[in-house]
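Visitor: I have a new structure to look at. Can you walk me through it?
Guide: Here it is.

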There are 2 protein chains.
Amino acid sequence: MHQLFHFKGGTTGQWRVVSMSAPRGEGLVPVAHIEVNRADHGPQPEGVTWRLQGQISNVRYATRTEITSMRARPAPLARAQSRFAALIPIKKSAAWWDLAQDERRAIFEEQSHHTEIGLGYMPTIARQLYHSRDLGEPFDFLTWFEYAPEHADQFEDLVAKLRATTEWRYVEREVDIRLERLD
Amino acid sequence: MHQLFHFKGGTTGQWRVVSMSAPRGEGLVPVAHIEVNRADHGPQPEGVTWRLQGQISNVRYATRTEITSMRARPAPLARAQSRFAALIPIKKSAAWWDLAQDERRAIFEEQSHHTEIGLGYMPTIARQLYHSRDLGEPFDFLTWFEYAPEHADQFEDLVAKLRATTEWRYVEREVDIRLERLD
């Protein structure tokens, strides 16, 4: 099943851009709105400044035990109360991609507790990972989060914890776009 | 680094098709030649019947110990004596992709000895894996092998061993194309 999504930054879109920053490396051209939808090969809408694409794929590191824990705390996208979102595209270094699977897993979870940290914020914060690296995109991942305005502090906590991990030393480009749903 | 390759089946190409079969699932339309090259976005050559694409990516299962063993037996592509090749596109089932990382690793190596089997034929048989699944392609992987004509029996051995593994129970489509280099 092909689950390719487009994130189009421009003058229109269901998500209004509240802020854009570039914690590491080069930023993206500022835009006012982002439209997220399944990939289509039809004509592009007007006013698109940039387009990122990513694919929902299989898990790369999660063990069965971790998947079971995550499924016990379902945090679906598109909940009515989730009026805030964050799109955080990330590119990791060549050093990361040259690591073996066991080395990446060790940094990801045993040292950085990535899944464990995320679990601590479920179901309050919904997230979806889109894989971009094998599509030849400028970023390796498009990380996406949705939450209610009253949980904005918790989201800041989550992001701060992830950025403080050993894993994040391998992040060489990161853009942080905060969004508010229009409807 | 974007390393996308195209495999074009048609009336021309540097590899002559010796045989085509479909061990599992639907086959591909028979062609006389296959051309393999880096992806280009220019005009398509004439006489292309089908095109598959795949991306060289990071390892998904190999541990550092296994990578060290593989690097000790380098088996590069495009050696002068490697006049024979095989293109074996593979699609695994949804059940495979729904497994957690530790479950896939266990089936791949601890039960099926995939890397260990391949190592036993290095450097005689050169191989390259191209990832297709996240590109929305009909196959998940394009597996590619090159070897000298006098090692054809060893290649049959290798393929038979892999097809007999637990891992292969998750293969739902497999096409087997044998090739000879024209030059």
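Guide: One term before the chains: contact means heavy atoms within 4.5 Å.
Visitor: Okay. How many residues of chain B are in contact with chain A?
Guide: In chain B, 24 residues are in contact with 24 residues of chain A. This is a predicted model, where local features need pLDDT of at least 70, side-chain atom pairs count only at pLDDT 80 or more, and totals for chains, interfaces and linings use all residues. Residues are numbered from 1 along each chain as its sequence is written, chains are lettered from A and ligands numbered from 1 in the order in which they are written, and side-chain values use heavy atoms, with hydrogens and water left out.
Visitor: What area is buried between the two chains?
Guide: About 2,000 Å² is buried between chain B and chain A, counting the accessible area (1.4 Å probe) that two parts lose on being put together, summed over both. Carbon and sulfur atoms give 41% of that area.
Visitor: Which residues of chain B lose the most area there?
Guide: Asn58(B), Arg64(B) and Asp134(B) do, and together they make up 29% of what the chain B side buries.
Visitor: Now chain A by itself. How many helices and strands?
Guide: Chain A has 5 helices and 8 strands. Helices (H or I, at least four residues) and strands (E, at least two) are DSSP runs, numbered from the N terminus. Along the sequence their pattern is β-β-β-β-α-β-α-α-α-β-β-α-β.
Visitor: And what are its overall dimensions?
Guide: The C-alpha trace of chain A spans about 45 × 35 × 35 Å along its principal axes. Its radius of gyration is 16 Å, which agrees with the value near 16 Å for a compact globule of 183 residues. That radius is taken over C-alpha atoms, and the globule rule is 2.2 Å times the number of residues to the power 0.38.
Visitor: How much of chain A is buried?
Guide: Of its 183 residues, 51% count as buried. Buried means under 20% relative accessible area, exposed over 50%, and partly exposed in between (1.4 Å probe, protein chains only).
Visitor: What share of its contacts join residues at least 24 apart?
Guide: The share is 79%, among contacts in chain A between residues at least 6 apart in sequence.
Visitor: Pick a helix. Which residues of α5(A) are buried?
Guide: Phe155(A), Leu158(A), Val159(A) and Leu162(A) are buried in α5(A). They lie on the same side of α5(A), because they cover an arc of only 95° around the axis. The arc is that of the directions from the helix axis to the C-beta atoms.
Visitor: What do they pack against?
Guide: The buried residues of α5(A) pack against β5 (84–92), α4 (114–119), β7 (141–147) and β8 (171–181) of chain A.
Visitor: On to loops. Where is Val31(B), and is it buried or exposed?
Guide: Val31(B) lies in the loop between β2 (15–24) and β3 (33–38) of chain B. Val31(B) is buried, with a relative accessible area of 11%.
Visitor: What does Val31(B) touch?
Guide: Leaving out residues up to four places away in sequence, Val31(B) touches Gly9(B), Gly10(B), Val17(B), Met20(B), Thr49(B) and Trp50(B).
Visitor: Which peptide bond in chain A is cis?
Guide: The bond from Met122(A) to Pro123(A) is cis, with omega near 5°. Pro123(A) is in the loop between α4 and β6 (126–131) of chain A. In chain B, a cis peptide bond joins Met122(B) and Pro123(B), with omega about 5°.
Visitor: What about the backbone angle phi of His113(A)?
Guide: Phi of His113(A) is near 55°, a positive value in a residue other than glycine. His113(A) is in the loop between α3 (101–111) and α4 of chain A, and is partly exposed at 34% relative accessible area.
Visitor: And Ala78(B), what is its phi?
Guide: Phi of Ala78(B) is near 65°, also positive in a residue other than glycine. Ala78(B) lies in the loop between α1 and β5 (84–92) of chain B, and counts as exposed at 63% relative accessibility.
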